[in-house]
Amino acid sequence: MMEAVQAAGGVMDFTTYTVRNHKGHRLRDVWDAVSAAWRAVTGGEECMRDKDGLLGWARIVEITHTARAVWHVHAHVIYAWASAVSERHSA
């Protein structure tokens, strides 16, 4: 994917979204909240109107477990853009 985007003059942008939590949060509840939030952001009309130059994206959700934070959820996303990413899109 990266080679194809770069060959076409596009760029890739990598972002990590981290979910704050505490010992009282159950993994299932955090997972459900992250999934619902992602669907709301990527599936809404606003996203469809505001995808200027967005070719696509790939998302991986990583879950770590520590004694201090219990379940720690990260969503790693690679965005493929048709051209350089403006400050508006990268903020």
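Me: Why does aspartate 29 count as partly exposed?
Reply: Aspartate 29 has 40% relative accessibility. Buried means under 20% relative accessible area, exposed over 50%, and partly exposed in between (1.4 Å probe, protein chains only), so at 40% aspartate 29 is partly exposed. Please keep in mind that this is a predicted model, where local features need pLDDT of at least 70, side-chain atom pairs count only at pLDDT 80 or more, and totals for chains, interfaces and linings use all residues. Residues are numbered from 1 along each chain as its sequence is written, and side-chain values use heavy atoms, with hydrogens and water left out.

Me: What makes the contact of aspartate 29 with arginine 26 a salt bridge?
Reply: The N to O distance between their side chains is 3.1 Å. A salt bridge needs a side-chain nitrogen of Lys or Arg within 4 Å of a carboxyl oxygen of Asp or Glu, so this pair qualifies. The whole structure holds two salt bridges.

Me: Are arginine 28 and aspartate 32 buried, partly exposed or exposed?
Reply: Arginine 28, at 56%, is exposed, while aspartate 32, at 36%, is partly exposed.

Me: What makes strand 2 and strand 3 a pair?
Reply: DSSP must find at least two bridges between paired strands. Strand 2 and strand 3 (residues 70-81) have twelve, in the antiparallel sense, so they pair. In one of these contacts, leucine 54 has tryptophan 81 of strand 3 as its bridge partner.

Me: Why are strand 1 and strand 2 called edge strands?
Reply: The three strands make an open antiparallel sheet in the order 1-3-2. Strand 1 (11-18) and strand 2 (54-66) each pair on one side only.

Me: What kinds of residue line the second largest pocket?
Reply: Its lining has ten nonpolar residues, two polar and one charged. Ala, Val, Leu, Ile, Met, Phe, Trp, Tyr, Cys and Pro count as nonpolar, Asp, Glu, Lys and Arg as charged, and the others, Gly among them, as polar. Helix 2 gives the largest share of this lining, seven residues.

Note on methods. Helix = DSSP H or I, 4+ residues; strand = E, 2+ residues; numbered from the N terminus.
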